[in-house]
Amino acid sequence: MSSPLSLSNDSWAARFQALPKAELHVHLEGTLEPATVVALAKIYGDALPESAVTARYATRDFSAFIEAYKWVTSYLRAPRDYALAARRLCEQMLAQNVVYAEVTLSAGVMLLRKQDVEANFCAIREAAEPWESRGLRLRWIFDAVRQFGPAAAREVARCAVGLRGAGVVAFGMGGDELSRPATEFREVYDYAAAGGLHRLVHAGEIGGPDSVLDAANILGAGRIGHGIAAAADPKVMALLAERSIGLEICPTSNLRTGALARYAGRADAGMPDHPLPKLFRAGIPISLSTDDPAMFDTTLTREFSTLDEMGLHKPEIMSIAEGAFRGAFLPEGDKSTLLRAFRAKAESLGLL
Ligand SMILES: [Zn+2]
């Protein structure tokens, strides 16, 4: 057993920052930094100080988070707004040395607002394209909103399947996990799978371990967003490990949406222990993400520093960093190439 290696150690933190990284759970809409929101609001005649955005972002429970999310996405009204968001996302990714990311787009919200999903997506892709040559590879996930129901989700899945050749790799579902049972969405997920897409579900975030089980057994999820509630049931943990169903864990998000307090059975927003080490040591594939980095005032590197605070050891932290590449929805050959580059750089930095 190696000794814990602090990310707060400057040299290790600097080397870790230089490491090529992958991120699998990040919402484009949640990457809108206050300055970008101010610029978008100005287009639509709202003079908004940055402090107003920061105040909206300072959430401590799930309903406040959903309200803030609804509010900020209300300024994404045209393809050019999405293009601006995509450019900022790429800048943030490269600043973190992220070389591969699967970015979630709230297609369910676009459809609710009667927007043209394909036009938004084209603008996003076009805006992100110049960054591809600078070493950032992006794939896309179209997300339905659970509380909008199965008919709306079906429409998102239809758009996602139609754009599969343009870089959409998965159909997912976020929103209020407690609003509707998984069974209502089985047909939609079957349709997405038949259309060649991977399946993702936000589950076990504010719901219990049964929600994770339903995501795996009823919806056929290949990975699960959050899934921290699985730690409350050894049988669910065993199932995830056995089937190699990965969990995309976002520690700061769990704190800021109140999910962690809920998992720990505590009403206050204190600092209960995060179940990540338990899930990881149970053999479940774990990757680390920011979820909504601007809203939660975090970065991927900062998320990794929380692993150190949780008492994980250096080889475990490196295994989780590598886990995002292993869990990517990419062909095996592409994944191997990225993994080789990750390991080579990690070795040259003295991190492996
Ligand atoms: Zn999410």
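Is Asp 291 buried or exposed? With a relative accessible area of 3%, Asp 291 is buried. The close-up views below start from this residue, and they come from a predicted model.

**View 1. Asp 291 sits in a loop with a positive phi.**
Here we look at the loop between β8 (286–288) and α15 (300–309), where Asp 291 lies. The phi of Asp 291 is near 70°, a positive value in a residue other than glycine. Most residues other than glycine have a negative phi. Asp 291 counts as buried because its relative accessible area is 3%, and buried means under 20%.

**View 2. His 226 is a buried strand residue with a positive phi.**
The relative accessible area of His 226 is 0%, so it is buried.

Welcome to helix α8, which runs through residues 150–162 and has 13 residues. From its first C-alpha to its last, α8 reaches 18 Å, close to the 18 Å expected at 1.5 Å a residue. The buried residues of α8 are Ala 153, Val 156, Ala 157, Cys 159 and Ala 160. The partners that the buried residues pack against are α6 (107–112), α7 (117–132), β3 (137–145), β4 (168–174) and α9 (186–194).

**View 3. Helix α7 has its own set of buried residues.**
With 16 residues, α7 reaches 22 Å from its first C-alpha to its last, close to the 22 Å expected at 1.5 Å a residue. Buried in α7 are Val 117, Asn 120, Phe 121, Ala 123, Ile 124, Ala 127, Ala 128 and Trp 131. Their cover includes α5 (79–95), β2 (98–105), α6, β3, α8 and β4.

**View 4. Asn 120 is a buried residue of helix α7.**
Let us zoom in on Asn 120, which has its place in helix α7. Asn 120 counts as buried because its relative accessibility is 2%. Leaving aside neighbours within four places in sequence, Asn 120 is in contact with Ala 78, Pro 79, Tyr 82, Met 110 and Gln 115.

**View 5. Gly 175 is partly exposed in the loop between β4 and α9.**
Gly 175 has a relative accessible area of 24%, so it is partly exposed. Not counting residues up to four places away in sequence, Gly 175 touches Phe 62, Ile 66, Val 145, Arg 146 and Gln 147. Phe 148 is 27 residues apart from Gly 175 along the chain, and their C-alpha atoms are separated by 8.8 Å.

**View 6. The largest cavity holds about 70 Å³ of space.**
The structure has two cavities of 30 Å³ or more. Among the residues lining the largest cavity are Leu 24, His 25, Thr 104, Ile 141, Asp 143, Met 173, His 202 and Glu 248. At least two residues of this lining come from each of β1 (21–27), β3, β4 and β5 (198–203). The most is given by β5, with three residues. By kind, the lining divides into five nonpolar, five polar and two charged residues.

Terms used. Residues numbered from 1 in each chain as written. Predicted model: local features only at pLDDT ≥ 70, side-chain atom pairs only at ≥ 80, totals over all residues. Heavy atoms only, no water. Helix = DSSP H or I, 4+ residues; strand = E, 2+ residues; numbered from the N terminus. Expected span 1.5 Å × (residues − 1). Buried < 20%, exposed > 50% of the residue type's maximum accessible area, 1.4 Å probe, protein only. Contact = heavy atoms within 4.5 Å. 1 Å grid on protein atoms, 1.4 Å probe; cavity = no way out; pocket = protein on both sides within 12 Å on 5 of 7 lines; lining within 4 Å. Points joined across faces, edges and corners; volume = space filled by probe spheres on them. Nonpolar A, V, L, I, M, F, W, Y, C, P; charged D, E, K, R; others polar.
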